[in-house]
Every structure is written in structure tokens, then in C-alpha cells.
Amino acid sequence: QDLTNSLWGLARVDLQPDAAALKLWTACLLAKMESVNAHELASVMYALAKMQCEVPTSFMDAWFRQFFACAESFTAKQLAVALWALARLDAELEPAFRAKWCELFSAQVNAIQRQDAVLSTWAMKKYDML
């Protein structure tokens, strides 16, 4: 959680780590990815997207694996933030991810707040998911 919070904090104050620091940070998080929860997954993706970072493929692959491992614990807000971030990073989405995301998001339709709807609608439009 400390790794996620540190990157999220940098993004919130519009600071961007240099390439070496980001490489170290992603390597450290990769080593702990199996213990990262839904909140942390959404937060880290938000931070990377807000800072428009170049994200290593190995990190993205691990992120998607962990998404599936803890998918059922994502809230509507976390799903919206994650999809928005992926769209902002121009990440390629596999059909299985699209299907799972839609299943989870639609199951939480009563919990979707206005900001979540705005973020997710923009991202869904970008990915032709509407």
C-alpha cells in the first residue's frame, strides 16, 4: 500500500518521477503484485494515467492478472477509475477484460455516482463499449 500511496500522492500534486525512479517503483510493485487489492490497483492505474507515464508491458500484464484475481472486490468507483486510467494510457483491452469489467460494473448500477458515470462513459466510448 505504501508504494501505491506514494505514486498516487505524486500524481495528486502533479509531480512526475523520473524514468529511473518509475522503473524502480514498478519493479518493487511487480514483486508485490499478488498482494495488491482492488483499491490499490485502481489507485496505481489512476496515478500512472494522470502522470501520463510510459508503463512497462510486464507491469500492465501483471496488473491485468491481478485485476482478475480480485475482480469481485472492485467497487463501481474503482472500476470507473481503472477503466478511465486504462483509456487515458491507451492500454489495449482483451475481450475477457472488457466482458468482466462490464459484468462487474453493470452489477453495481445502483452504486454508480455521477463522477463514476462520467469517467466510465468517456472510457467506454473510447473503447467502443457503449
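Hi everyone, let's start with a pair of helices: helix 4 passes helix 5 in a left-handed crossing. Left-handed here says that the near helix is turned anticlockwise from the far one by less than a right angle, while clockwise would be right-handed. Before going on, please note that this is a predicted model, where local features need pLDDT of at least 70 and side-chain atom pairs count only at pLDDT 80 or more, while totals for chains, interfaces and linings use all residues. Residues are numbered from 1 along each chain as its sequence is written, and side-chain values use heavy atoms, with hydrogens and water left out.

Helices are DSSP runs of H or I with at least four residues, numbered from the N terminus. The axes of helix 4 (residues 57–69) and helix 5 come within 14 Å and cross at roughly 155°. Axes are lines fitted to C-alpha atoms over the stretch in contact, and angles run from 0 to 180 degrees between N-to-C directions. So helix 4 is roughly antiparallel to helix 5; the word is used for angles over 145 degrees, with under 35 roughly parallel, 65 to 115 roughly perpendicular and the rest oblique.

Which residues make this contact? From helix 4 come Met-60, Trp-63, Phe-64 and Phe-67, and from helix 5 Leu-79, Ala-82 and Leu-86, where contact means heavy atoms within 4.5 Å. By class, that is 7 nonpolar, no polar and no charged residues. Nonpolar covers Ala, Val, Leu, Ile, Met, Phe, Trp, Tyr, Cys and Pro; charged covers Asp, Glu, Lys and Arg; the others, Gly among them, are polar.

Helix 5 (residues 76–88) has another partner: its axis and that of helix 7 (residues 114–126) come within 8 Å and cross at roughly 40°. These two are therefore oblique to each other. The contact includes Trp-84 of helix 5 and Trp-122 of helix 7, and by class it has 10 nonpolar, 1 polar and 4 charged residues.

The largest pocket holds about 260 Å³ of space. A pocket is an open set of points on a 1 Å grid where a 1.4 Å probe fits, with protein on both sides within 12 Å along at least five of seven lines, and lining residues have an atom within 4 Å of a point. Of its 13 lining residues, the closest to the centre are Trp-8, His-39, Ser-43, Tyr-46 and Val-81. Helix 1 (2–12), helix 3 (38–50) and helix 5 each give two or more residues to this lining.

Key
Points joined across faces, edges and corners; volume = space filled by probe spheres on them.
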